[in-house]
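Please keep the sequence and the model open while reading.

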Amino acid sequence: MPSRSQSRAIYLVAAMVLLGVEVLIALFVNDSFVRPYIGDVLAVALVYTVLRAVTSLRMTAAVAIALAIAFVIEISQAANLLGLLGLGDNKLARTVLGGSFDAFDLLAYATGAIVIVLVERAASERGA
């Protein structure tokens with residue numbers, strides 16, 4: 001079983017890989033499935049891996065926080081928070097925080113949380 005510092009390094013590498021994949025999706029994929037839904041699944045995993053890399057949170061707490069962050073961002077889209085802040089036309093803000101509410105995004109985020117739990121359990125059983 002890896003030490004805590006080794007685990008943090010693994011999560012940091014995973015976060016960097018996920019960030020790279022997310023950037024590639026944002027830049028080069030413009031479809032109706034991978035970008036909106038797979039990207040959202042990966043976004044929860046990205047936040048989770050960052051949390052595990054920089055905090056001492058355990059899996060359950062980190063998954064819950066990552067999922068809560070995703071849900072809050074999606075709900076802020078329903079409330080038009082970017083528009084209220086005057087950032088509705090800001091491309092970076094819209095890319096990072098999204099521009100429109102989609103209930104299916106909530107399902108994608110929940111799917112991301114489930115995938116995280118399954119991967120972590122499999123890794124734990126493998127002794128990683």
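Met16 is exposed, with a relative accessible area of 53%; exposed means over 50% relative accessible area, buried under 20% and partly exposed in between (1.4 Å probe, protein chains only). The model is predicted: local features need pLDDT of at least 70, side-chain atom pairs count only at pLDDT 80 or more, and totals for chains, interfaces and linings use all residues. Residues are numbered from 1 along each chain as its sequence is written, and side-chain values use heavy atoms, with hydrogens and water left out.

**Surface patch**

- Met16 has its place in helix α1; helices (H or I, at least four residues) and strands (E, at least two) are DSSP runs, numbered from the N terminus.
- Together with Leu12, Val13, Val17 and Val21, Met16 forms a nonpolar patch on the surface, with about 430 Å² of accessible area together.
- Patches are made of residues with over 30% relative accessible area and no salt bridge, with like charges joined within 9 Å and nonpolar side chains (Val, Leu, Ile, Met, Phe, Trp, Tyr) within 5 Å.
- Accessible areas come from the Shrake-Rupley method with a 1.4 Å probe, and for residues only the protein chains shown count as cover.

**Nonpolar core**

- In soluble globular proteins, nonpolar side chains tend to be buried together.
- The largest nonpolar core has 18 residues, of which Leu18, Val44, Tyr48, Val63, Ala66 and Ile116 touch the most other members.
- Two or more residues of this core come from each of α1, α2, α3 (59–78) and α6 (103–126).
- Helix α2 gives the most to the core, with seven residues.
- A nonpolar core is a set of buried Ala, Val, Leu, Ile, Met, Phe, Trp, Tyr and Cys residues joined through side-chain atoms within 4.5 Å.
- Apart from its neighbours within four places in sequence, Ile116 is in contact with Val44, Ala45, Tyr48 and Val63, where contact means heavy atoms within 4.5 Å.

**Thr49**

- Thr49 is in helix α2 and is buried, with a relative accessible area of 7%.
- Leaving aside neighbours within four places in sequence, Thr49 is in contact with Tyr11, Ala14, Ala15 and Leu18.
- Thr49 and Ile38 are eleven residues apart along the chain, and their C-alpha atoms are separated by 16 Å.

**Aromatic pairs**

- There are three aromatic pairs in the structure; rings of Phe, Tyr and Trp (its six-membered ring) pair if their centres lie within 6.5 Å, and planes under 30 degrees apart count as stacked, over 60 as edge-to-face and the rest as tilted.
- One of them joins Tyr11 and Tyr48 edge-to-face, at 6.1 Å centre to centre with 85 degrees between the planes.
- Tyr11 lies in helix α1 (residues 4–28) and Tyr48 in helix α2 (residues 34–54), so this pair ties together parts that are 37 residues apart in sequence.
- Tyr11 and Tyr48 are both buried.
- Phe33 and Tyr37 form a tilted pair, at 6.2 Å centre to centre with 50 degrees between the planes.
- Phe33 is partly exposed, with a relative accessible area of 49%.

**Salt bridge**

- The count comes to one salt bridge, taken as a side-chain nitrogen of Lys or Arg within 4 Å of a carboxyl oxygen of Asp or Glu.
- The side chains that meet in this salt bridge are those of Glu120 and Arg52 (3.6 Å, N to O).
- Glu120 lies in helix α6 and Arg52 in helix α2, so the pair ties together parts that are 68 residues apart in sequence.
- Glu120 counts as buried at 16% relative accessibility, and Arg52 counts as buried at 10%.

- Most residues other than glycine have a negative phi, and most peptide bonds are trans.
- Asn80 is not a glycine, yet has a positive phi of about 55 degrees.
- Asn80 lies in the loop between α3 and α4 (81–84) and counts as partly exposed at 44% relative accessibility.
- Ala79 is also found in the loop between α3 and α4 and is partly exposed, with a relative accessible area of 48%.

**Other positions**

- Arg121 lies in helix α6 and is exposed, with a relative accessible area of 51%.
- Arg121 and Met59 are 9.7 Å apart in space, C-alpha to C-alpha, and 62 residues apart in sequence.
- Ser76 has its place in helix α3 and counts as buried at 18% relative accessibility.
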